[in-house]
Amino acid sequence: MRFVRDVWTVTRKDLLIESRTREILLTTMFFALACVLVFAFGFVREGRPVQDAAAGILWIAIAFSGTLALGRAFERERQGETLRALLMSPIDRPALYLGKLLGILILLSAVELLVVPLVALMFQAPLFDHPLLMLGLLAAGTLGFAAVGTLFAAMLVRARSRDVMLPVLLYPITVPGIIAGVRGTAALLQPEADQPMALAWLAMLVFFDVVFVTMSLWTFEPVMTD
Amino acid sequence: MPVDFTALRLVEVSRTFGRRRALHRVSLTAEAGTITALLGHNGAGKSTLLSIAATLLQPTSGTVKYGDTEARQGGRDLRSRIGMLGHDLYLYAELTAAENLRFFAKVYALDGVEARVDAALDRAGLTTRRDDIVGGFSRGMRQRLALERALIHEPRLLLLDEPFTGLDEAARGALRTRLRGAREAGAIVVLTTHDTAAIEGLTDAAVTLVDGKLAA
């Protein structure tokens, strides 16, 4: 019970700060919006989008804006060295990790609430025809990406070149998850939606999630203790 | 299991960062109800030693004991008995004074959170500024708030890194009074400073670090 309370205490603090500054939300939303609009100019010709472009653009917008959110979320903990205070506190390190992860997931969900309808609109993509499968792909893909990202962003919080290092470390590991998200989404966007294929990619994303979250929970304590 | 202790003991503690030796075979004992000063120039190893005592760093060699307990054995119960005021104040600039204290009171799973927050704000002289964002506070106000943040869970071991930096004389006096109060309450207080005038008449013991070693 205390573990759950600790997770929520950390998440609630992050959301309170974000509700006050709206810094991460506005920045990531603006970035994702710009990303989709720029691609729309490149991939929509005479009102017709290039086939299968929507799935890739959706996941690129999520991954890039997610990287931005991860960096900023931990920059706040660095400014007052508050991460040190949290590491010294009796909060279990896995609870601290999950608290930060949950806060980032909530922020990315808000970004997706904007990006998914925008991609559907700009690329005439039927993203809402199979809402449960689409929701599953988005949730599983975002969780895997954020799980690894939260670990790396925390590890790099005191590194001088953290802004450069975060994407360098993050993308090679999360690319399989992003590809699974793209292929699963593309399967749903076919003229005849390939639901079994989308389910197979979703299963792979869930597998990645289990691996990424387990590894992150396992390694968070040692990597945060110097 | 609750962890309590009446002494902090460092035995032959060394710490290296790559090829740089930050501490070399430092031994030190600080008892409950005392204030110990760690003196030395910048880069002497004072902050490294505090970080090791705070369980934030592990020594490369040597042992750190909190009573009979070592850091690895103590875990969260040990950490709940340690408070630290760093040079960076460990406060969220975007939160109000009351929200900062409330957050850390919850992190330490304390009872009677609101009463503790009110009392801490009163001691810091910030009752009228309780709902103001900390980012707008002066250095002295933030320092007072940070001290109360470090003390909100009534730690047995209180570690302070350069606590007098940037304070005017009135604030220094208030800090000295607060530290005497912590000592009378039975805390083990260890502070670092290179300003010996600020701690005159305050400390019970003082050791000097030079290039990571205790000065003879």
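Reader: How many residues does the contact take from chain A and from chain B?
Author: The contact takes 21 residues from chain A and 25 residues from chain B. Contact here means C-beta atoms, placed from the backbone, within 7 Å. This is a predicted model: local features need pLDDT of at least 70, side-chain atom pairs count only at pLDDT 80 or more, and totals for chains, interfaces and linings use all residues. Residues are numbered from 1 along each chain as its sequence is written, with chains lettered from A and ligands numbered from 1 in the order in which they are written.

Reader: Which helix of chain A gives the most to the side that touches chain B?
Author: Helix 1 of chain A, with seven residues. Helices are DSSP runs (H or I, at least four residues) and strands are too (E, at least two), numbered from the N terminus.

Reader: New topic. At what angle do helix 6 and helix 8 of chain A pack?
Author: Helix 6 (residues 131-155) and helix 8 (residues 195-224) of chain A pack at about 20°, with axes 8 Å apart. Axes are lines fitted to C-alpha atoms, for helices over the stretch in contact, and angles run from 0 to 180 degrees between N-to-C directions. Helix 6 and helix 8 of chain A are therefore roughly parallel (angles under 35 degrees).

Reader: And chain B: in what order do the six strands form the open sheet?
Author: The order is 6-7-8-3-9-10 in chain B, with mixed pairing. Strands pair if DSSP finds at least two bridges between them. Strand 6 (82-85) and strand 10 (213-214) of chain B are the edge strands.

Reader: How do strand 7 and strand 8 of chain B pair?
Author: In the parallel sense, over five bridges. B:L160 stands opposite B:L191 in strand 8 of chain B.

Technical notes:
Two residues are in contact if their C-beta atoms, placed from the backbone, lie within 7 Å. Angles under 35 degrees count as roughly parallel, over 145 as roughly antiparallel, 65 to 115 as roughly perpendicular and the rest as oblique.
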